[in-house]
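Q: I have a new model open and have not looked at it before. Walk me through it, please.

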Amino acid sequence: MSNIQEERSEPFRIAIIGGGIGGLFCALSIHHHYHSTISGQDGHGKSKRNIQIDVYEQAPQYREIGAGVGIGINAARLLHRMGLGPELVKIAGQRQGTWFAFRRYEDSGEIISVPDAEPEPGDVRQSPCARSDLLELFLTAIRERRTATLHTEKACTKVAVLDEGRRGVELQFRDGTAATADLVVGCDGVHSVVRDQFVTDANNKSVESGMIAYRGIVPTSALEQDWPFAHWSNIWISKHRHFLSYPITGNTKLNIVAFVTKRLGGGRVINDAEGEQNKYKNIRESWSSLCDRDEVVADFEGFDEPVQRIIGLMDEKPGRWRINDHEPLSRWHFAGGRVVLVGDAAHAMLPHMGAGAGQSVEDGWILGRALSEYLEGDSSSSNKRFQSLESTMQFYQDLRLPRAQKVQAASRVSGNLYELQTEEMSQLSYEESLPVMAESLRERMKFVWSEDIDVTYSRMRDEQAV
Ligand SMILES: Cc1cc2nc3c(=O)[nH]c(=O)nc-3n(C[C@H](O)[C@H](O)[C@H](O)COP(=O)(O)OP(=O)(O)OC[C@H]3O[C@@H](n4cnc5c(N)ncnc54)[C@H](O)[C@@H]3O)c2cc1C
């Protein structure tokens, strides 16, 4: 038997490192795309090669923190196409036509109200949800569809590319065990071990925004009485502080993220009480880091009554962490296409466009579609882009990297807009800054929501077809 025949008789093994939103969606997408052709045959009349997907998660359980995540319509479309639409609609909150009303911090006066993306046929719409609900939705689908084997307590410590003669890549785990795969997908988040092993240039570094975020979820039932607004999506704006809330879980809960800048450009200290200059230093960039509610109270002193009511309902120990992103990378795939990055591992971004998870979903969708084309044709595809694993991963990168990095860059600017601290605003008062911010918000989210990444895929595929 030739090598190729031998390889075709064995399953193609995909190891996904990290079982967060990006990793689980990627597993679903690969399975969905590869099995959506029902013939059971590849493009050449031969029976299809089996695939085997393993997800390796470091934590003892597949679990998300108690916080919300705004799945934009661009990502919601893809969940619907995968057949997960009805479940998504069930867990999502409803923004009632308003993405966010931006309000003055001291009296809630409206600065600008940014409309939400119009719903699309099939109840496709913006879908803010609880992270835990979204993860559960993915886990249920993975189990029902028998998409992948889910492993826990498997912290990947090393990815070793095997030399000629031994197929694929070897993974080593903290518990001393190892596994091999034909393709390793690094979905291991902002502190990616997979990325750190393959990206060794100066751009492989995280970048501090100087901001921290407090997080919490409160019940809307406790706020309903005398709630002064027609909806739940509001952002209160002050210089160097903004307080954001949006509805999740069928509008029964309100997700809270409250941002404070502690260090301005050049390291200038602000919003840190005297004598506590090192406090910021001790705040960790960690999803599990907590603080006392008193800190939120102190940082949002002077904010209007609805904000004070919300803070009063937050847990006594809300989440609090440093907000960092990562320098843009020039490459997302390595080792002849046998290792590839997805989600925050590839493009960790600041949360100010509410788009990081949506970008991970787009990555997973495109990777699944492209990989299926490669596996369907298995090296004799008529389209040159899918003739090798490396060219397939290059196609994924060509399509996804520019868009994800555009969102990454826009997220940095948005954070400074909301905190009224762009360069242009540095010399402006609060009053003078508000119209500048309002003007730049009007169309800001359109490019994220409007692009249908599947349409882009078809166009690029055909442009590149040979
Ligand atoms: C304050 C805040 C608010 C946000 N709000 C939004 C929003 O509204 N909308 C939005 O779209 N995005 C939002 N984001 C961004 C979004 O959370 C991320 O982009 C998204 O979670 C990325 O998913 P991921 O799967 O790539 O990474 P992660 O969610 O970080 O998942 C990585 C997974 O890999 C596991 N892992 C890590 N290392 C290893 C290892 N060595 N071996 C095995 N497993 C490993 C981790 O345990 C984890 O389960 C926000 C982010 C922040 C910080």
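A: One term before we start: two strands pair if DSSP finds at least two bridges between them. Helices (H or I, at least four residues) and strands (E, at least two) are DSSP runs, numbered from the N terminus. By that count β4 and strand β13 (residues 234–238) are joined by 4 bridges and run parallel.

Q: And where do the residue numbers come from?

A: Residues are numbered from 1 along each chain, as its sequence is written. The model is predicted: local features need pLDDT of at least 70, side-chain atom pairs count only at pLDDT 80 or more, and totals for chains, interfaces and linings use all residues.

Q: What about β4 and β5, parallel or antiparallel?

A: Antiparallel, with 5 bridges joining strand β4 (residues 98–104) to β5. Phe100 faces Val114 in β5, and Thr98 is opposite Pro115 in β5.

Q: How many residues are between them in the hairpin?

A: The β4–β5 hairpin has 5 residues between its strands, and Ser108 in the turn has a positive phi of about 65 degrees.

Q: What is the strand order in the 7-strand sheet?

A: The sheet is open, with mixed pairing, and its order is β5-β4-β13-β14-β15-β12-β16. At its edges are β5 (110–115) and β16 (319–326), each pairing on one side only. On average, neighbouring strands here are turned by 20 degrees against each other, direction ignored.

Q: How are angles and contacts counted?

A: Axes are lines fitted to C-alpha atoms, for helices over the stretch in contact, and angles run from 0 to 180 degrees between N-to-C directions. Two residues are in contact if their C-beta atoms, placed from the backbone, lie within 7 Å.

Q: Which helix lies across β4 and β5?

A: Helix α13 (residues 430–441), which runs at about 5 degrees to β5.

Q: New topic. Which residues come nearest to the ligand?

A: Gly18, Gly20, Gly189, Gly343 and Gly356, out of 31 residues around the ligand. Two or more shell residues each come from α2 (21–35), β3 (68–71) and α11 (356–377). Here a residue is near a molecule if its C-beta atom, placed from the backbone, lies within 6 Å of it.

Q: Which element gives the largest share of that shell?

A: α11, with 4 residues.

Q: How does the shell divide by class?

A: There are 14 nonpolar, 13 polar and 4 charged residues around the ligand. Ala, Val, Leu, Ile, Met, Phe, Trp, Tyr, Cys and Pro count as nonpolar, Asp, Glu, Lys and Arg as charged, and the others, Gly among them, as polar.

Q: At what angle do α2 and α11 cross?

A: Roughly 30 degrees, and their axes come within 8 Å. That makes α2 roughly parallel to α11 (under 35 degrees; over 145 is roughly antiparallel, 65 to 115 roughly perpendicular, the rest oblique). The α2–α11 crossing is right-handed; the word for that is clockwise, whereas left-handed means the near helix is turned anticlockwise from the far one by less than a right angle.

Q: Which residues of α2 meet α11?

A: Among them are Phe25, Ile30 and Tyr34 in α2, which are part of a contact that includes Val361, Trp365 and Leu371 in α11. By class, the residues of the α2–α11 contact are 11 nonpolar, 8 polar and 2 charged.

Q: And α2 with α5, left-handed or right-handed?

A: The α2–α5 crossing is left-handed. The α5 side of the contact includes Leu135 and Phe138, and the α2 side includes Leu24 and Leu28. The residues of this contact are 11 nonpolar, 1 polar and 1 charged.

Q: What is the strand order in the sheet of 6 strands?

A: It is β7-β2-β1-β11-β18-β17, an open sheet with mixed pairing. β7 (149–151) and β17 (333–334) are at the edges with a single partner strand each, so one side of each has no neighbour in the sheet. α2 packs on this sheet, touching β1 (12–17), β2 and β11 (183–186), and its direction makes about 175 degrees with that of β2.

Q: Last one: how far apart are the axes of α11 and α12?

A: They are 9 Å apart, and α11 packs against helix α12 (residues 389–418) at about 160 degrees. The two helices are therefore roughly antiparallel to each other. α11 passes α12 in a right-handed crossing.
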